Amino acid sequence: MPKATGTEARIRTGRLELLPLVVDDADEMVEVLGDQRLHDFIGGRPATLEELRTRYAVLADAHSPDGSQEWRNWILRLRDGTAVGTVQATIVEDGRAAEIAWVVGTPWQGRGLASEAAIGLVAWLEARGVRTITAHVHPDHRASAAVAARAGLEQTGERHAGELLWRRITAER
């Protein structure tokens, strides 16, 4: 899979622009992601600004240290520029498979933004040849299950680390 950079890595949806993550996004995202309720299903606590900057520096590199995974991370922005969340894709198997995840800040939840972003991300991945897309969803997180379903993933019945696996497989073209 060719490396996506610049405007090619931007994803536009009806209400959102997904922009490739950069370290400086941490300054704004620390507030967006700062609600402890965002960790109800994933555990942990909100990151500090320094922790988020450190994490974003690693993620912005776009590849795992051993080169086996391509990391794609986007900041979700409303068309007025307001940051509202993130989506990510870990691309493996020489670009044939990806694991995706999403989070929308508490003030913007319940508006369909996570679904819109996930649908845009799935389309972006499939346009680049990714055929198997997987998401891990906590079994009690109905909102995330709804996002996965709207993005075209189906619950597999499989579990990994206590989470349900959702998957979409697209036939070869």
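This is a predicted model: local features need pLDDT of at least 70, side-chain atom pairs count only at pLDDT 80 or more; totals for chains, interfaces and linings use all residues.
Among the elements of the protein chain, the lowest mean pLDDT, 94, belongs to α2, and the highest, 98, belongs to β6. Over the protein chain the mean pLDDT is 92, with 94% of the residues reaching 70 or more. Residues 1-7 should be read with care, as their pLDDT stays under 50.

**The nonpolar core**

- The largest nonpolar core is made up of 46 residues, and those with the most contacts inside it are Ile100, Trp102, Leu125 and Leu153; helix α3 gives the most to this core, with eight residues.
- In soluble globular proteins, nonpolar side chains tend to be buried together.
- Leaving aside residues up to four places away in sequence, Trp102 touches several residues, among them Ser144, Val147 and Ala148, which also belong to the buried residues of helix α4.

- Helix α4 spans residues 142-150, and its buried residues are Ser144, Ala145, Val147 and Ala148; they lie on the same side of α4 because they cover an arc of only 155° around the axis.
- An α-helix has 3.6 residues a turn, so residues three or four places apart point the same way.
- The exposed residues Arg142 and Arg150 are carried on the face of α4 that is turned away from its buried side, while the cover over the buried residues includes β5, α3, β6 and β8.
- Just after α4 comes Gly152, which takes a positive phi of about 90°.

**Salt bridges**

- The count of salt bridges comes to 13, and side chains of opposite charge can pair when their charged atoms come close.
- Arg53 and Asp24 meet through their side chains in a salt bridge, at 3.2 Å from N to O; this pair links distant parts of the chain, with Arg53 in helix α2 and Asp24 in the loop between β2 and α1, 29 residues apart.
- Glu17 forms a salt bridge with Arg12, with 3.8 Å between the closest N and O atoms, and Arg10, Arg12 and Glu17 are linked in a network of salt bridges.
- Glu17 counts as buried because its relative accessibility is 15%, whereas Arg12, at 53%, counts as exposed.

- Asp35 is found in the loop between α1 and α2, and it counts as buried because its relative accessibility is 19%, with the cut-off for buried being under 20%.
- The side chain of Asp35 makes a polar contact of 3.0 Å with the side chain of Thr106.

Conventions. Residues are numbered from 1 along each chain as its sequence is written. Side-chain values use heavy atoms; hydrogens and water are left out. Helices (H or I, at least four residues) and strands (E, at least two) are DSSP runs, numbered from the N terminus. Buried means under 20% relative accessible area, exposed over 50%, partly exposed in between (1.4 Å probe, protein chains only). A polar contact is a pair of N or O atoms within 3.5 Å; within protein, one must be able to donate a hydrogen and the other to accept it, and residues adjacent in sequence count only if both atoms are side-chain atoms. The arc is that of the directions from the helix axis to the C-beta atoms. Contact means heavy atoms within 4.5 Å. pLDDT is the predictor's confidence in each residue, from 0 to 100. A nonpolar core is a set of buried Ala, Val, Leu, Ile, Met, Phe, Trp, Tyr and Cys residues joined through side-chain atoms within 4.5 Å. A salt bridge is a side-chain nitrogen of Lys or Arg within 4 Å of a carboxyl oxygen of Asp or Glu.
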